[in-house]
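Good morning, everyone, and thank you for making time for this. I would like to walk through one structure with you slowly, so please keep the sequence and the model in view while I talk.

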Amino acid sequence: MNKKYRKTIIAGNWKMNLVPSEVKPFAEELRSLLPKTKTCEVALLVPFTHISTLRRSLKDNRISFGAQDVSIHEKGAYTGEVSADMLADMGVHYVIVGHSECRQYHGDTDFTVGQKAAAVLEKGMSPIICVGESLEQRERGLTMEHISYQVLAALSFIPEGKERQIVIAYEPIWAIGTGKTATDEEAQEVCAHIRAVIREKRGARVARSVSILYGGSMNPKNAKGLLSMEDIDGGLIGGASLKPKDFSQIIDAVAEVTGEE
Ligand code: PGA
């Protein structure tokens, strides 16, 4: 299957880090480190409080930006929540939905993850839908079954014709923030499986056009191997995205893999 049908995306997930006054210097440093040619799409997914500063700091469209979660509700009496409409109005492009930390700490379920993905699409943005197995599931040989279930559940909320706007991130829970990365082959195997599930449900043309990212302790050292895999179209990067140098080296790895200058 050919990668030319889909985008390569290197997305930084800042999680709950940095304060708004640190955003501008970060963006300036990152911009100065980016390769001159656009080898892939670069995105920063930041806390809600950082979005407007980031938007002002980016100045051009070399870096897209996004949020890390969204409400399932459209508007109204939902204290503390942020709607898809609000994010779209701020120029947000991507919204992470179903990150394992949101599933674990905020009670996200496959159902609410699907609702969030649909809300994001409805407002013209792209959901980055996270799936991934726990260590126990992997050890018990349940990885593929679990991933199929999560992907099928999310897909059931995606209207036909809108699939090209979604991004899927495979993030094995045991690899997140632990320094343990899936091997290139382990990550490829699951990403290929995700594509096969999409193919079965929505056809080969759709499957080849959906970008599937790997996330979980991706860093400048392991990025090239992971990004060379046939079904891995980029990375969702936590820790290493907080260091402009490391993050830009991961972006450089895309250029090395694709052979671009
Ligand atoms: P990590 O986080 O790169 O720090 O493991 C990835 C993620 O949770 O998106």
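Which residues touch the most other members in the largest nonpolar core? Before I answer, please keep in mind that what you see is a predicted model. The largest nonpolar core has 67 residues, and those that touch the most other members are Ile10, Leu44, Leu87, Val95, Ile194, Ile198 and Tyr214. The largest share of this core, 6 residues, is contributed by helix H8, which spans residues 184-202. As background, nonpolar side chains in soluble globular proteins tend to be buried together.

Setting aside residues up to four places away in sequence, Ile194 touches Val131, Ile147, Val151, Ile168, Tyr170 and Ile212. Apart from this core lies another one, of 12 residues, which includes Cys130, Val167, Ala169 and Leu236.

Now to the strands. In strand E6, residues 167-170, Val167 and Ala169 point one way while Ile168 and Tyr170 point the other way, and all of them are buried. Val167 takes part in both pairings, as the bridge partner of Ile128 and of Ser211 in E7.

Let us move to strand E1, residues 9-13, where we find Asn13. Is Asn13 buried or exposed? Asn13 has a relative accessible area of 4%, which is under the 20% cut-off, and therefore counts as buried. Not counting residues up to four places away in sequence, Asn13 touches Leu45, Gln68, Ile96, His99, Leu236, Ile237, Gly238 and Ser241. The side chain of Asn13 also reaches the backbone nitrogen of Lys15, at 3.0 Å.

Lys15 itself lies in the loop between E1 and helix H1, and its phi is near 55°, a positive value in a residue other than glycine. Leu18, in the loop between E1 and H1, likewise has a positive phi, of about 65°, although it is not a glycine. For context, most residues other than glycine have a negative phi. Leu18 is partly exposed, with a relative accessible area of 29%.

Lys15 also brings us to the ligand, which is surrounded by 13 residues, the closest being Lys15, His99, Glu171, Gly177 and Ser217. A polar side-chain atom of Lys15 lies 2.7 Å from an oxygen atom of the ligand. An N or O atom in the side chain of Glu171 is likewise 2.7 Å from a ligand oxygen atom, and for Gly177 a polar backbone atom is 2.7 Å from an oxygen atom of the ligand. On its own the ligand has 280 Å² of accessible area, and the protein covers 95% of that.

Finally, please look at Val113 in helix H5, residues 110-122. Val113 is buried, with a relative accessible area of 2%. Leaving aside neighbours within four places in sequence, Val113 is in contact with Val97, Gly98, Arg103, Asp108 and Ile129.

Note on methods. Residues are numbered from 1 along each chain as its sequence is written. This is a predicted model: local features need pLDDT of at least 70, side-chain atom pairs count only at pLDDT 80 or more; totals for chains, interfaces and linings use all residues. Side-chain values use heavy atoms; hydrogens and water are left out. Helices (H or I, at least four residues) and strands (E, at least two) are DSSP runs, numbered from the N terminus. Buried means under 20% relative accessible area, exposed over 50%, partly exposed in between (1.4 Å probe, protein chains only). Contact means heavy atoms within 4.5 Å. A nonpolar core is a set of buried Ala, Val, Leu, Ile, Met, Phe, Trp, Tyr and Cys residues joined through side-chain atoms within 4.5 Å. Two strands pair if DSSP finds at least two bridges between them. A polar contact is a pair of N or O atoms within 3.5 Å; within protein, one must be able to donate a hydrogen and the other to accept it, and residues adjacent in sequence count only if both atoms are side-chain atoms. A residue is near a molecule or strand if one of its heavy atoms lies within 4 Å of it. Accessible areas come from the Shrake-Rupley method with a 1.4 Å probe; for residues, only the protein chains shown count as cover.
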